Amino acid sequence: EFRNINFKYSESLPDVLKNINLKIASGLTVAIVGHTGSGKTSLINLIPRLYDVTSGELLIDGRNVKDIPLDILRTNIAVVQQESFLFSDTVYGNISYGLRDVNKERVEEVSRIANFHKDVESFPNGYQTIVGERGITFSGGQKQRASLARALAIDPKILILDDSFSAVDTNTEEQILKNLKSFMKNRTSIIISHRISTVKDADKIIVLENGSIAETGTHDELVALNGLYADLHYKQLLEKELEELN
């Protein structure tokens, strides 16, 4: 729960988030959309306390995040960012990074959910293939899917996807979202995306504008509202039609 939250990066800068009030029930999938600079990433960075709120309270299960030990908080939250970071290690080592109790079956299971297992099977040494520094040997989409598999391997209670399918084609993205549905059944998911196709099936969609919540609802409700979300939706439909014509 975000309760009357305001946030700025320093005293001398203006508020990036203003009067955010938002409740996310356990087990739901919530999407956050908005133009670049609207405060989407700043909002989700508050959950694992990469930054602390300037004023207001952020609660998980009714408890202020500041009262939850950082290691416990971050062990239960996985964040997959747009810019994926991979280590100069094996594919297996990258996916199982930081985990004590992990086995081959688990690594393969999360790779399948992330739609990455087939790629790995095509590599010269499978899961023992060495990934170049910062994932230089991988495509953008492969890096994002490997990072998603790593996030799923920690078995998070809260999964945050911050535009983490931007380098993946729409068909692959659809398959990943389909795979994630059963995995995330009793977990909470927060998805940030520029693509309406990514967020349309979320239980609740939040539209941010200039650091404030401008609209809230399901896909159908927001389209019917004919506001910011509907505008974004129709623009993307038009772009898709033009692409298909070409």
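The structure is a predicted model, in which local features need pLDDT of at least 70 and side-chain atom pairs count only at pLDDT 80 or more, while totals for chains, interfaces and linings use all residues. Residues are numbered from 1 along each chain as its sequence is written, and side-chain values use heavy atoms, with hydrogens and water left out.

Strand 1 and strand 4 (residues 55–60) run antiparallel and are joined by 3 bridges; two strands are taken to pair if DSSP finds at least two bridges between them. Both belong to an open sheet of 4 strands, in the order 2-1-4-5, with antiparallel pairing. Strand 2 and strand 5 (63–64) stand at the edges of this sheet with a single partner strand each, so that one side of each is left without a neighbour in the sheet. Strand 1 (residues 2–7) also contains N4, whose phi is near 50°, a positive value in a residue other than glycine. Most residues other than glycine have a negative phi. With a relative accessibility of 42%, N4 counts as partly exposed, the classes being buried (under 20% relative accessible area), exposed (over 50%) and partly exposed in between, computed with a 1.4 Å probe on protein chains only.

A second open sheet is formed by 6 strands in the order 6-7-8-3-9-10, and here the pairing is mixed. Its edge strands are strand 6 (77–80) and strand 10 (212–217), each of which pairs on one side only. From one strand to the next, the twist averages 15°, with axes taken as lines fitted to C-alpha atoms, for helices over the stretch in contact, and angles running from 0 to 180 degrees between N-to-C directions. Within this sheet, strand 3 (residues 29–33) and strand 8 (residues 188–192) pair in the parallel sense over 4 bridges, and I32 stands opposite I192 in strand 8.

Helix 10 (residues 228–245) packs on the sheet and touches strand 3, strand 9 (204–209) and strand 10, its direction making about 100° with that of strand 9; contact here means heavy atoms within 4.5 Å. At 1.5 Å a residue, the 18 residues of helix 10 should span 26 Å, and this agrees with the 26 Å that separates its end C-alpha atoms, the expected span being 1.5 Å times one less than the number of residues. The buried residues of helix 10 are Y229, A230, L232 and H233. Seen down the axis of helix 10, these buried residues fall within an arc of 160°, so they line one face of the helix; the arc is that of the directions from the helix axis to the C-beta atoms. The elements that cover them include strand 3, helix 8 (196–199), strand 9, strand 10 and helix 9 (219–225), whereas L238 and L245, on the other side of helix 10, are exposed.

Two loops were also examined. The loop between strand 7 (158–162) and helix 7 (170–183) holds D163, which has a positive phi near 55° although it is a residue other than glycine, and which is buried, with a relative accessible area of 8%. S164 lies in the loop between strand 7 and helix 7 as well and is buried, with a relative accessible area of 2%. Not counting residues up to four places away in sequence, S164 touches V80, Q81, Q82 and Q144. In the loop between strand 2 (17–22) and strand 3 is G27, which counts as partly exposed at 23% relative accessibility.

Taken as a whole, the protein chain has 10 helices and 10 strands. Its radius of gyration is 19 Å, close to the 18 Å that the globule rule gives for 246 residues, so the chain is as compact as a globular protein of that length; the radius is taken over C-alpha atoms, and the rule is 2.2 Å times the number of residues to the power 0.38. Buried residues make up 46% of the 246 residues. Among contacts between residues at least 6 apart in sequence, 64% join residues at least 24 apart.
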